Amino acid sequence: PPASQNNEQGSTLRDLLTTTAGKLRLGSTDAGIAFAPVYSTGTASGKSGRTMPNILDDIIASVVENKIPPNRAPKINVKSEIKEEPKDDKNCIQDDCSKRYSDIQYSWICDKHVLWLRDHKNSNNWKLFKECWKQGRPVLVSGMHKKMNFSLWKAESISLDFGNQQADILNCKDSIISNTNVKEFWDGFEDVSKRQKVKNGETALLKLKDWPSGEDFKAMMPARYEDLLKSLPLPEYCSPEGKLNLASHLPGFFVRPDLGPRLCSAYGVAATKDHDIGTTNLHIEVSDVVNILVYVGIARGNGVLSKSGVLKKLEEEDLDDLLRKRLKDSSELPGALWHIYAGKDADKIREFLQKIAKEQGLEVLPEHDPIRDQSWYVNKKLRQRLFEEYGVKTCTVIQFLGDAIILPAGALHQV
């Protein structure tokens, strides 16, 4: 800091601690003292030679000593963890887990980037999840709808119970938001003839924007709230009371993000002419997210792709072999297409999208952040360019009915 600041009390963390330490009486055990000073033995200077910085070091030493007593080994051996988990560890993790977690039904998908837990009932799932979560990788858990009361989540059931509510509805094609009666949205959820039309007569692609959310969800839909909570995957992490859910243990004075739950409902693109648009543009969440697909509507009406047509469109994606196999399983019902990117690629993706915007003649302001503003759905052609020009590979996941997708905070995704 500038010289003028050197004498200001508490101008740096060290100054603050030093000035605080100076007010402590050495050797005191009063309750008001934060840490009891730690004295070293075997030195020539003795206690009389102690100075302010020495006291600060004592405080730090005291914290360390209190946290990890010398007669007890620390719970986590940092060195051994580093050895076990090198940076390039895709094959290492897979081989190690196959031996240690032979009682868990799981697979790796998306070039071993995503863990797929196939048995939602296995109480040991969280142990393998922990290994994957430490690497910041997405996780897919299938079959969650088998634990839920399916009748609660049908479109007609929600429309019947809450059709008279008002909510914000987003037109995904032009990003225009309107406040309207919820019943209008649900009436067109599976009947395309009842959907809104835009100026050129094309069917609108609508999304019910986070309705309801947070405390409103619990107050408005108590039965559905309870059904969701009892059916969450990996409750040790995902449940509000989970022992490994950090947010549930934060002191009350922390400002928390909206941890939900929130209901995200949208029409599919099967009835639109343009299949290169999304219902959720590329963005980042500030907290970890678990997204469960609780219902898949089958749209009917003119211009709607048949089931075989939908499957054909999905097969054109860059899919993992296991996902292609699920598509051919008649008992599985695909409902959402996700593209996921690692948080470490965010800056490259920003640069790429700004480059594309300039190519398209769009104005790019210095403060504009295409990810924060959620202004892009990266289509297939752009995803290919992103890989060729920046080396950023897309992780493509199909979410089937009952699938829970768990994303770490910072992971980019579009749906």
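Counting contacts (heavy atoms within 4.5 Å) between residues at least 6 apart in sequence, 70% join residues at least 24 apart. Bear in mind that this is a predicted model, where local features need pLDDT of at least 70, side-chain atom pairs count only at pLDDT 80 or more, and totals for chains, interfaces and linings use all residues. Residues are numbered from 1 along each chain as its sequence is written, and side-chain values use heavy atoms, leaving out hydrogens and water.

The protein has 15 helices and 13 strands; these are DSSP runs numbered from the N terminus (helices are H or I with at least four residues, strands are E with at least two). Of its 415 residues, 41% are buried, where buried means under 20% relative accessible area, exposed over 50%, and partly exposed in between (1.4 Å probe, protein chains only).

**Aromatic rings**

There are 13 aromatic pairs. Rings of Phe, Tyr and Trp (its six-membered ring) pair if their centres lie within 6.5 Å; planes under 30 degrees apart are stacked, over 60 edge-to-face, and the rest tilted. Here are two of them:

| Pair | Type | Centre to centre | Between planes |
|---|---|---|---|
| Phe-185 and Tyr-267 | stacked | 4.9 Å | 10° |
| Trp-186 and Phe-189 | tilted | 5.1 Å | 50° |

Phe-185 sits in helix H7 (residues 182–187) and Tyr-267 in the loop between strands E7 (265–266) and E8 (283–284), so this pair ties together parts of the chain 82 residues apart. Phe-185 is buried at 1% relative accessibility, and Tyr-267 at 2%. Trp-186 is buried too, at 8%, as is Phe-189 at 11%.

**Helix H15**

Which residues of H15 (residues 380–390) are buried? They are Leu-382, Arg-383, Arg-385, Leu-386 and Tyr-390. Down the axis of H15, the buried residues fall within an arc of 160° (taken from the directions from the helix axis to the C-beta atoms), so they line one face of the helix. Their cover includes strand E10 (334–341), helix H14 (346–359) and strand E13 (412–414). On the other side of H15, Lys-381 and Glu-388 are exposed. After H15 comes Gly-391, with a positive phi near 70°.
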